[in-house]
Amino acid sequence: VAPLWRPHHLAGLLPLRPLLDPLGLLGGPKKGVILARTAWLQRATCTVRCRLANLKIALGDIERMDLAVAGGWSPDQAARQWIAHKRQGLKNNAGE
C-alpha cells in the first residue's frame, strides 16, 4: 500500500490500482485550477481567457508530463511537448 495521489508520475511506471474508499474518508476527486496574476488576466484577450477556462488536460497527460519532469525535463519542456503532441493529434484528426 502506497499513499499516492493522481496525478503522480509513479502511476505510469507501476501497476498501481486505487483502493476502494466506500466511506469516502479520502475525499472525492480533486480538480485543478489555473492560477494567474490579476494584472495578467486584465491584459489577456477574451479569447485567451476563454481558451484557458475551457482547457481540459487528461489525467494520463498530466502524469506523463510529471514523469518527464521527474526524469529531468523542465516543466516548460514537458508542457511544450504536450502541446506539440496535442497539435499533431488535432492535425491528424482533421486529415491534414
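A salt bridge is defined here as a side-chain nitrogen of Lys or Arg within 4 Å of a carboxyl oxygen of Asp or Glu. The model is predicted, so local features need pLDDT of at least 70 and side-chain atom pairs count only at pLDDT 80 or more, while totals for chains, interfaces and linings use all residues. Residues are numbered from 1 along each chain as its sequence is written, and side-chain values use heavy atoms, with hydrogens and water left out.

**Exercise 1.** Determine which residue forms a salt bridge with K86, and where the two residues lie.

*Solution.* Step one: the partner of K86 is D61, with the closest N and O atoms 3.1 Å apart. Step two: D61 belongs to helix α3 and K86 to helix α4 (residues 75-93), so the pair ties together parts that are 25 residues apart in sequence. Helices are DSSP runs of H or I with at least four residues, numbered from the N terminus.

**Exercise 2.** Describe the salt bridge between R64 and D61, and state whether each residue is buried or exposed.

*Solution.* Step one: the side chains of R64 and D61 meet at 2.6 Å, N to O. Step two: both lie in helix α3 (residues 59-70), 3 residues apart, which means a separation of about one helical turn. Step three: buried denotes under 20% relative accessible area, exposed over 50%, and partly exposed in between (1.4 Å probe, protein chains only). D61 is buried at 7%, whereas R64 is exposed at 54%.

**Exercise 3.** State how many salt bridges the rule gives.

*Solution.* The count is 2 salt bridges, and D61, R64 and K86 are linked in a network of them.
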